[in-house]
Structure formats: C-alpha cells, structure tokens
Amino acid sequence: MALSSARATAFDGRDSTPKSRRNRSLAWAKFRRNRLAAGSAVLLLVLALMAVLAPWVATRDPLRIDLRHKFAAPGTPGFVLGADELGRDLFSRLLHAGRVSLAVGLLTALIAVTVGSILGALAGYYSGTLDAVIMRIADTLLSTPTIFVLLALSAFLKPRFSTIILIIGLNSWMSVARLVRGQILSIKQQEFILAARALGAGDRRLIFRQLLPNSLAPVLVAATLNVATAILTESSLSYLGYGIQPPTATWGNMLNNAQAYVRVAPWVAVYPGAMITLTVLSFNFAGDGVRDALDPRLTAS
Amino acid sequence: MLVGVSFAAFVLLRLAPGGPMAVYAQNPTMTEADMRRIEHILGLDQPIHVQYLKWASGMATGNMGYSYRDGRPVGEIILERFPATLQLMGAAYLIAITLGISAGIVSAVRRHSLFDYCATTGAMIGLSVPTFWFGLVVIIVFAGMLHWIPSGGVATVGMPYSLADRLLHLIGPASTVGLWMMASWSRFTRSSMLEVIGQDFIRTARAKGVRPRTVLLRHTLRNALIPLITLAGLEFRNLVSGALITETVFAWPGIGRLYLDSLSYQDYSVILGLLLLTSVLVLAGGLLADLLYAAADPRIRLG
C-alpha cells in the first residue's frame, strides 16, 4: 500500500487517487474479515462510548463514600459490581477510571508518535550529524529500564495528569523514530522524490508532504500498539503509587490498595485489572489487524 | 552512553526537592550556620559538574557513595539485595525460554491446529495482562484459594534453610515476571520457525530423504533460534521493569523494592546507584546478545 500510493502520489501530487483509494478499501475489507481485529475494534468503540457517557451511564458519584456498604458483594442492590473499602460503587468507579486511563493512553501515544515521526524524519532525511545525535539519544533512552526512570521522574515532578502523559510520551517515541527513519531512508531513494525535488519542492515540503505521508502505514500500527503499552505503563505507575493520584480513579490506582483486601474482597482487585487486560488486548489485536491489512506481504499467518 | 545516563540522572536528582539537607532541616536545634557547614562537608555547595566529576571518579574506583538514610555504603546496600533479584530474573528466564520456545515450536509445526490457536491467543493475552495484576491473581487463586504457594517473601519465616521451601516461594513471582517474556518468545519462535520452514534448503533436505524429525530439530530449529538471540538481549529492559513490579506484589526483597523504598525516603545516592546498575544490566544484555549472535551466525561478523 505504501509503495503503490507513493507512486500514485508522484503523478498528481495528491494522495487520493483512484488507485490508492482502491487499496484503502481493499485494506478495509481485509481488516473486517479478520474477526479478532474487527471484534476488538467494536469492543474498543464500546469502551470509548462507555467512557464518554460515564456520567450518564453510571449515575452514582464514583467518589461517594458509604461506609455502610463497605465491601458490598457484587449484585447488592444499587451496587452492580459491588463496592470497595470505602463503600464506593465499583461500577461507577470503573467507568470513570476508564475515561482517565483511555485518555492517558491516547494522548501519550499522540505525543510519542508526533515526536517520534518528526525526529525520525529529520534523522532519516538529513543523515549525518543530526542523524547520529538523534539516534544516540534514542539508544540512550532505550538502554535505561523504563519503569525505573519513570518512577524517578514522577516522584520529583509531582504526578499529575499532564506530567504523567508527558513523561510516558517522551519515553516512548524511540521505536516510532527508528521506524520512520528506516522508512524515509528507503523512500527518499525513489524516483518520485527526485521528481518532486526537480519540480522545486523544498526540504520541509518534501518531508511533510511526500516522505511522512508515505510512511504512514507502519506508523499507524505503531501508534495503536503504543496506546496499549501506554495504558499498561500508566497502570503500573499508578499501582505503585507514582501515577495519577487519588481521589481521581484510574484502573491502576484502583488496584493500589486492593492487595490489602484480597482475602476479604477479591473482586475489588479483579475488575480493574480485567478492564486493563481487555482494553490492551483489544488494542493489540486491532494493531495486528491493521498491520495485516496494510501490508500485502504478510498474508495472515 | 553510560556517562550520558549517569550525568542526566545525577543532575535531575540534585535539582529535585528534598535530599540530605531536608532531613537535617527537620531538626529544630539546627542553625543556619550548621546547615551551611554540613552542606560544605558533604560537598553540596560546589558547582554541579564538580560534584558529578567527584562522584564519577569515586564510581570508577568502586565507591558508589553513601546512603543518606543510614550512612552505609551504597555498594553494600545494593549487593545485599541484588542476589534476590538475580535469582528471580534467572528463574523467570528459565521458565520463559523453555515454555515459550516449546509452545512456539509446536504452534509452528501444527499450524492452524487447535493448539496453535490457543497458544497464539494465549500469548496475546499474556502480552496484554498488566504484570502486577497477574501477580495479584496468582496470589488470589494459588495462595488464597488453593493454598498451593505462599503469598510472598523468599522463605517461610523462622524455618531453617530448605531448597524446596525456597523454590515454592520462587515459583509465583518467577512465573509472573516470566509470563510476558514467555508470550513474546512463543510468538517470535513461531513466526521465525514458519519463515525458515518456507525456505528452499528445508525442501531440499526433505527431498533428500532426511527424517522429518531431523529436519525439524537440526535444520529448522537451529536456524530459527538465531534471531531469537537478539530478542533475548532486548527483553532485558522489560525483564528489569517486570522484576521491580513483581517484587512489590510478592514482597520479594530485591533491588526493585529497594528502589521504591529509596524513592520514598528521597535517598538519592541509592537511587542513582540503582539507576546506573540497571542501565549497565540492560546494556550488558544487549552487548552479550550481539556477541552471541555473531558467534551463532557465521554470516554476521562484527567489525
């Protein structure tokens, strides 16, 4: 897909030629036929919808403390999924936490992909010193154990929604940068780039109009998988107490105290983790599906 | 690269709030002059690059500095905790490699069988489960409900040393750390095997009448495992992170717990030492993988 639409772009300079459109619908059809991926996409839509509509679906205030219903078992009237150690409604908390966790995942992936694409494009386009510097920074970051660094940063930067997104995002652009760099190194050798340059296109136009759009397919896959990792990372940080702080609920920090009560109320520990797993699994399956659909060389293995 | 990591960490930790002076500041009998004097003795009044050079030269001679919390040498504190983590990581590697690779082989050979579907789906789930939650579930099910394993620690308190007891304590955390790795190993083994099976020399070997078993083990497996060496190096980074989280869940007294404790006490010299140690581990893992790769694949010779 990347190749053929690249060729098509070369002729009239726009992306939506009949040929690339046909490829796109082909990819779409392939994605839909992949039952796991399509199912995951539907599930993700449902999750997103529930997160958006949380205040209307779960009308009970997720922060309302009701000690009479402490550790209410799942199914207690008014508490579909039971209650936690302060009698807060778990169903409502799960939905509201989902908003935060999903938002963190999506925004983090956005940062990682934007930074990664730009740095990767710069490194691939202007090889030489700039390339060396960017790739060395990426190597350095890749050689530090993620969770250790994130914990230290989070401990000193006062963990808040915005800082958590920033530090996770700025710690996960490296794989995207490597990917984009590789793509650009190979695309920039092709004739249509030479043609565009002969027509007088400048560096910036070449990078943002020709090179980056043509390496979009693998980036899309990386972005999907990035959301999955970001959700996992945020939940680990929150579980350890260095993520987004209570009373704001996230799936990770709901598990923070749960370990103390596993014997009394195991369900408090089970639900949030199940939500994380389900969400991350869906993103992973969807990412795989997108890759299989976009890459003609990989026939479903 | 290590210099980069250590300098960045050093500057960050010096700029961070708290630190040794915050501990002294809580003492009401301290005067401003006392504070300055201690600051001078500790060398904290010097410019940051001088401090870094001092620390780095100490590092080079094996002196990692002293803990702000109890004044003990950082090297000693870390060494005390390190064996537990190594044990955990080693056991996790063992579980992940044996189970992961065998699952991958069977999946590749019996492609599209029921086992293959279960294994690939299972691997995907394994990649999606948060480590700490899997640990919690292991505790709930195997320690809480079935009472097969203890819910944490290295050994039963007050019991004399016994290998069986240690192993029983190890199995829960080790499989928790290993799960993620096992999943990615089985995925990689499967796709790598499938790639090799499709190549011409395998067909040639079959055509020559080599027994299927020999083709599988001698020709396919050996070639399929080579790219996995790189993976083993890359996994180190995740392994170290996984160990930290698992140690918290299972109350395992390794460097991960030490790191978290030091963070909450703002014990920067220990934090710094641990950041450096884990970076060295990750780098060494990568280097070792490169060397092994060169040894295993005669087509690749590094410079």
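Visitor: Good to know. What kind of model is this?
Guide: Residues are numbered from 1 along each chain as its sequence is written, while chains are lettered from A and ligands numbered from 1 in the order in which they are written. Local features need pLDDT of at least 70, side-chain atom pairs count only at pLDDT 80 or more, and totals for chains, interfaces and linings use all residues, this being a predicted model.

Visitor: Where does A:Ala37 lie?
Guide: Helices here are DSSP runs of H or I with at least four residues, strands are runs of E with at least two, and both are numbered from the N terminus. By that scheme, A:Ala37 lies in chain A within residues 35-52, which is helix α3.

Visitor: Which residues is A:Ala37 in contact with, leaving aside neighbours within four places in sequence?
Guide: Two residues are in contact if their C-beta atoms, placed from the backbone, lie within 7 Å. A:Phe285 is 248 residues away from A:Ala37 in sequence, yet their C-alpha atoms are 5.2 Å apart. With the sequence neighbours left aside, the contacts of A:Ala37 are A:Phe31, A:Phe285, A:Ala286, A:Asp288 and A:Gly289.

Visitor: How many helices does chain B have?
Guide: For chain A, the count is 14 helices and 0 strands. Buried residues are 45% of the 301 residues in chain A and 37% of the 303 residues in chain B. Chain B has 0 strands, and its helices number 12.

Visitor: Which element gives the largest share of the side of chain A that touches chain B?
Guide: The contact takes 32 residues from chain A and 37 residues from chain B. On the chain A side, two or more residues come from each of α6 (129-142), α7 (146-156), α12 (216-239) and α14 (266-294). The largest share, 9 residues, belongs to α14(A).

Visitor: How do the residues on that side of chain A divide into nonpolar, polar and charged?
Guide: Ala, Val, Leu, Ile, Met, Phe, Trp, Tyr, Cys and Pro count as nonpolar, Asp, Glu, Lys and Arg as charged, and the others, Gly among them, as polar. The side of chain A that touches chain B then divides into 19 nonpolar, 11 polar and 2 charged.

Visitor: Among the elements of chain B, which helix has the highest mean pLDDT?
Guide: pLDDT is the predictor's confidence in each residue, from 0 to 100. Chain B has a mean of 78, with 75% of its residues at 70 or more, and the model scores ipTM 0.76 and pTM 0.80. Among the elements of chain B, the lowest mean is 57, in helix α2 (residues 20-25), and the highest is 87, in residues 74-109, helix α5.

Visitor: What is the handedness of the crossing of α11(B) and α12(B)?
Guide: Axes are lines fitted to C-alpha atoms, for helices over the stretch in contact, with angles from 0 to 180 degrees between N-to-C directions. The axes of α11 (residues 255-265) and α12 (residues 268-296) of chain B come within 9 Å and cross at roughly 145°. A crossing is left-handed if the near helix is turned anticlockwise from the far one by less than a right angle, and right-handed if clockwise. The crossing of α11(B) and α12(B) is left-handed.

Visitor: And which residues in α10(B) meet α7(B)?
Guide: The axes of α7 (residues 131-145) and α10 of chain B come within 9 Å and cross at roughly 35°, in a right-handed crossing. From α7(B) come B:Thr131, B:Phe132, B:Gly135 and B:Leu136, and they meet, in α10(B), B:Gly242, B:Ile245, B:Thr246 and B:Val249.

Visitor: Is B:His112 buried or exposed?
Guide: B:His112 sits in the loop between α5 and α6 (114-128) of chain B, with a positive phi of about 65° although it is not a glycine. Because B:His112 has 9 C-beta neighbours inside 10 Å, it counts as exposed.

Notes:
Buried ≥ 20, exposed ≤ 12 C-beta atoms within 10 Å, placed from the backbone.
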